[in-house]
Amino acid sequence: MGELTLGAKGRAEKLVDQTNTAKTMGSGSLDVFATPALVAMMEEAAVNALTLEDGQSSVGVALDIKHTAATPLDMKVWAVAELIEIDRRRLVFKLEAFDEKELIGTGVHERFLIDAEKFMSKALLKRSEQE
């Protein structure tokens, strides 16, 4: 395993623009930061908290979030993930997201460490089993 340390933090940042609004992403009808975009940014922050060995990766397996405040176009948003639990290959992160004004979301996210080659081989096997 790579360097995994309780308390490790990762961050991801975006600008709210037309590509990540609820209206564009189909999760609502307004030009505000979309919940699916918040979820993706939170996962990105968790990934950024990890230092993994070559050939190793992680996959998200569970996410429990609250999106508590709307953010309009042209504001910066960011997420911070903190590694709070390590149970062999299972990793748990505390998540917080902010805009320039306030806390906009919180949550907990679980990821599993995987061998990238084995994982992709198994995933691609699905396609060949269809034929």
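Colleague: Which residue in strand 4 does Leu 83 stand opposite?

Modeller: Leu 83 stands opposite Phe 93 there. Please bear in mind that this is a predicted model.

Colleague: Over how many bridges do strand 3 and strand 4 pair, and in which sense?

Modeller: Strand 3, residues 76-87, and strand 4, residues 90-99, pair in the antiparallel sense over 10 bridges. The two strands form a hairpin with 2 residues between them. Arg 88 sits in that turn and has a positive phi of about 55°.

Colleague: And how does strand 4 pair with strand 5?

Modeller: Strand 4 and strand 5 pair over 9 bridges, in the antiparallel sense. They form a hairpin with 3 residues between them. As an example of a bridge, Glu 96 has Thr 106 in strand 5 as its partner.

Colleague: What is the strand order in the sheet?

Modeller: The sheet is open and is formed by 5 strands in the order 1-3-4-5-2, with antiparallel pairing. Its edge strands are strand 1 and strand 2 (56-67), each of which pairs on one side only. From one strand to the next, the twist averages 25°.

Colleague: Which helices lie across those strands?

Modeller: Helix 2, residues 35-48, lies across strand 1, strand 2, strand 3, strand 4 and strand 5 (103-115). Helix 2 runs at about 145° to strand 1. Helix 3, residues 116-130, lies across strand 2 and strand 5, and its angle to strand 5 is about 90°.

Colleague: Returning to strand 4, why is it described as largely enclosed by the rest of the structure?

Modeller: Because 7 of its 10 residues are buried, strand 4 is largely enclosed by the rest of the structure.

Colleague: What about Asp 99: is it buried or exposed?

Modeller: Asp 99, which is found in strand 4, is buried yet has no salt bridge. The nearest side chain of opposite charge is that of Lys 101, 8.1 Å away.

Colleague: Then what does the side chain of Asp 99 reach?

Modeller: The side chain of Asp 99 makes a polar contact with the side chain of Thr 71 at 2.8 Å. The Asp 99 side chain also reaches the backbone nitrogen of Lys 101, at 2.8 Å.

Colleague: Changing topic, where does Asn 20 lie?

Modeller: Asn 20 lies in the loop between strand 1 (9-15) and helix 1 (22-25). At 8% relative accessibility, Asn 20 counts as buried, since the cut-off for that term is under 20%.

Colleague: You listed Lys 14; which side chain does it meet in a salt bridge?

Modeller: The side chain of Lys 14 meets that of Glu 44 at 2.8 Å, N to O. Lys 14 lies in strand 1 and Glu 44 in helix 2, so the pair ties together parts that are 30 residues apart in sequence. Lys 14 is partly exposed at 32% relative accessibility, and Glu 44 is partly exposed with a relative accessible area of 32%.

Colleague: How many salt bridges does the count come to?

Modeller: The count comes to 6 salt bridges. Among them, Arg 90 meets Glu 85 at 2.8 Å, N to O, and Arg 90 meets Asp 87 at 3.8 Å, N to O.

How values were computed: Residues are numbered from 1 along each chain as its sequence is written. This is a predicted model: local features need pLDDT of at least 70, side-chain atom pairs count only at pLDDT 80 or more; totals for chains, interfaces and linings use all residues. Side-chain values use heavy atoms; hydrogens and water are left out. Helices (H or I, at least four residues) and strands (E, at least two) are DSSP runs, numbered from the N terminus. Buried means under 20% relative accessible area, exposed over 50%, partly exposed in between (1.4 Å probe, protein chains only). Two strands pair if DSSP finds at least two bridges between them. Axes are lines fitted to C-alpha atoms, for helices over the stretch in contact, and angles run from 0 to 180 degrees between N-to-C directions. Contact means heavy atoms within 4.5 Å. Lys and Arg count as positive and Asp and Glu as negative; His and the chain ends are not counted. A salt bridge is a side-chain nitrogen of Lys or Arg within 4 Å of a carboxyl oxygen of Asp or Glu. A polar contact is a pair of N or O atoms within 3.5 Å; within protein, one must be able to donate a hydrogen and the other to accept it, and residues adjacent in sequence count only if both atoms are side-chain atoms.
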